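Colleague: I'm new to this one. Could you walk me through it and tell me what stands behind the labels?

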Amino acid sequence: MVMWSLRDKYAIAGIGWTDFSKKSGKTVQSLASEACLRAIEDAGLTVDDIDGFVSYNFNDSVPSMAVATELGVPKAGYAVDFLSGGNAANLITLTATAAIEAGLAKNVICFRAMNGRSGFRLGGGRDMAAHGITQYTAPFGWITYPQAMAMWCRRHMIDFGTTPEQLGEIAVTFRHNAIKNERAMQREPITMDDYLNSKKIVDPFRMLDICLETDGACAVLITSADRAKDMKQKPVYISGGAYGGGPNQGEDLFDAIRWPDHSSNYAAYIADELWASAGMGPNDIDFAQIYDCFTYSIIMQLEGLGFCKKGEGGPFVEGGRIAMDGELPLNTAGGLLSEGYIHGLNHVIEATQQLRGQAGDRQLKDIETCLTTAGAMTCGSAMVLRN
């Protein structure tokens, strides 16, 4: 096991985002540049100070170098694009720290931009060409992410008795959090009855179990801890991080047929590395931003990362424990379910705002540490942040 070992040497010094909407009316490149420029300004820097870019996409975004060019960065000596999904939201920030550590850059912008509703819609279907995993799943109508992930949720329900009401607790809680978030796409309150009566999409998922298709962009500026201290904002330190998953991950994120246990996901495989890198454990985390492309992924990650035992994730989220005033507040901006789906990078934005004390009406009190995660199936990434 190779462990990330740059504890507190690097920090988030700037954050930026665009409006989150169903139809941006802008190109993806314009969205990316807007978010990056805002992150640079937030840090009190100029484009001349930036020398690195890292991003990720599913053939639905723009190259890092194209954004660097549009911004007029004089020398982007480091530019990397991962062909990856939401599992990479923390991987790109960890990659930025590695690039700076290696002397390849000093100030690195990490971004994700997409017209995920008005442009390329991730959940709309897959290539039906007779190759790869799709040739085996398509004949059975298994071609979208809700269909694939519903299988994981149902397995957990069968094995451990997880209930729709427990999934509903997640959806209702996150919507309540979104009410105080001006960025959130969905701010109308919902009740458990609203959840249970929402349209069935693919068993056991209802409409309110599924994240929002979103147009928008987010950007995060990574630099050394020493440089961050002299910048405009209070640094948020990266104390630990990990990326990975288990065996038989398949050819892409959709290929989970050979996964050994569909009642648990990537989180169980990176937990030891994550906590060791940070010198912390689950009990040291004050709040968390956990990847919620679907409600079930919250439960599996809580279990896999050690907040509760396997099979106990359903009961764990009940009784207000994950609410803003609960034992472990989760997804304080509303999450991917209610704020918007910028492939998970918006979780890092919210974590940073909370740790800076800049979250406005939804600001948590007496917080020092936050966990951010990204991924729901066979592989994913996570960070431990502190103020």
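Modeller: Let's begin with strand β10. Thr369, Leu371 and Thr373 point one way from β10, Cys370, Thr372 and Ala374 point the other way, and all are buried. Keep in mind that this is a predicted model, where local features need pLDDT of at least 70, side-chain atom pairs count only at pLDDT 80 or more, and totals for chains, interfaces and linings use all residues. Residues are numbered from 1 along each chain as its sequence is written, and side-chain values use heavy atoms, with hydrogens and water left out.

Colleague: What makes β10 (residues 369–374) mostly covered?

Modeller: Buried means under 20% relative accessible area, exposed over 50%, and partly exposed in between, using a 1.4 Å probe and protein chains only. In β10, 6 of its 6 residues are buried. Helices (H or I, at least four residues) and strands (E, at least two) are DSSP runs, numbered from the N terminus.

Colleague: Which strands does β10 pair with?

Modeller: Two strands pair if DSSP finds at least two bridges between them. Strand β9 (residues 287–289) and β10 have 3 bridges in the parallel sense, with phenylalanine 287 opposite cysteine 370. Strand β11 (residues 379–386) is joined to β10 by 6 bridges and runs antiparallel to it; there, threonine 372 has methionine 383 as its bridge partner. β10 and β11 form a hairpin with 4 residues between them, and glycine 375 in the turn has a positive phi of about 125°.

Colleague: Why is the contact between arginine 183 and glutamate 350 called a salt bridge?

Modeller: The label asks for a side-chain nitrogen of Lys or Arg within 4 Å of a carboxyl oxygen of Asp or Glu. For arginine 183 and glutamate 350, the closest N and O atoms are 3.2 Å apart, so the pair qualifies. Arginine 183 lies in the loop between α6 (164–178) and α7 (192–197) and glutamate 350 in helix α13 (residues 345–356), so the pair ties together parts 167 residues apart in sequence.

Colleague: Are those two partners buried or exposed?

Modeller: Arginine 183 counts as buried because its relative accessibility is 7%, and glutamate 350 counts as buried because its value is 0%.

Colleague: What about the salt bridge between aspartate 261 and lysine 310?

Modeller: Their side chains meet at 2.2 Å, N to O. Aspartate 261 lies in the loop between β8 (236–245) and α9 (267–278) and lysine 310 in the loop between α10 (295–304) and α11 (313–316), so the pair ties together parts 49 residues apart in sequence. Aspartate 261 counts as partly exposed because its relative accessibility is 22%, and lysine 310 is partly exposed too, at 41%.

Colleague: How many salt bridges does a search of the whole structure find?

Modeller: The search finds 16. Another of them joins arginine 112 and aspartate 60, with the closest N and O atoms 3.0 Å apart, and both residues are buried.

Colleague: What lines the largest pocket?

Modeller: There are 39 lining residues, of which Ile210, Cys211, Leu212, Glu213 and Phe294 lie nearest the centre. On a 1 Å grid over the protein atoms alone, a pocket is an open set of points where a 1.4 Å probe fits, with protein on both sides within 12 Å along at least five of seven lines, and lining residues have an atom within 4 Å of a point.
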